[in-house]
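I opened my notebook beside the model and jotted down what I looked up. Here are the entries.

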Amino acid sequence: MTTVIFTRSVSMPMIDIYATAGLFADVHEVARAAATIVKEVEQVPDIPMFHKNTAAFVHELVPGAFTNVDGDTDYVRVQVLTNSGALDRDKQVAVVRRLTDLVASAAGDPTLVDRTWVLLTEAVEGGWGLWGHAHTNAEIVDAARAEIGRLRG
């Protein structure tokens, strides 16, 4: 394992994908791919802490459960929740592009890139709960450093 020095916050994002039921042939693979994309874009250490706590949820909605003002229902909404400061501007652009492309590819509909909404949301400092504790960014970094130390053993 390479030496990792944390210079800013690290996170364990949660990704929620909302789409009409049946849009994706394999919702498990869409969820896994979305979690992998966000983990890769964030460039966090490749350790179990981040593998186990970066997760995506695909919410399949009944037809007609959502609409825009015109009544169109062929949209997908993706929300990525990270701790504060986890995504700089380049990472924001990259994660939106890659998640949008994933949705369109998984649906088999290249035009879906025009109807996929991606929301990037940050939990406030101390508002990231894990292992029964509301963590600050510094506590998350300390936990990752401790795990890396244990893995090097």
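This is a predicted model: local features need pLDDT of at least 70, side-chain atom pairs count only at pLDDT 80 or more; totals for chains, interfaces and linings use all residues.

Residues are numbered from 1 along each chain as its sequence is written, and side-chain values use heavy atoms, leaving out hydrogens and water.

Next I checked the axes of α1 (residues 27-42) and α3, which come within 10 Å and cross at roughly 160 degrees (lines fitted to C-alpha atoms, for helices over the stretch in contact; angles run from 0 to 180 degrees between N-to-C directions). The two helices are therefore roughly antiparallel (over 145 degrees). The residues of this contact (heavy atoms within 4.5 Å) divide into 11 nonpolar, no polar and four charged (nonpolar: Ala, Val, Leu, Ile, Met, Phe, Trp, Tyr, Cys and Pro; charged: Asp, Glu, Lys and Arg; polar: the others, Gly among them).

Then I picked Thr100, which lies in α3 (residues 89-107) (a DSSP run of H or I, at least four residues; strands are E, at least two; both numbered from the N terminus). Thr100 is buried, at 5% relative accessible area (buried is under 20%, with a 1.4 Å probe and protein chains only). Thr100 touches Val113, Thr116 and Val118, not counting residues up to four places away in sequence.

Last, I saw that α3 lies across β3 and β4, at about 140 degrees to β4.

Methods. Buried means under 20% relative accessible area, exposed over 50%, partly exposed in between (1.4 Å probe, protein chains only). Angles under 35 degrees count as roughly parallel, over 145 as roughly antiparallel, 65 to 115 as roughly perpendicular and the rest as oblique.
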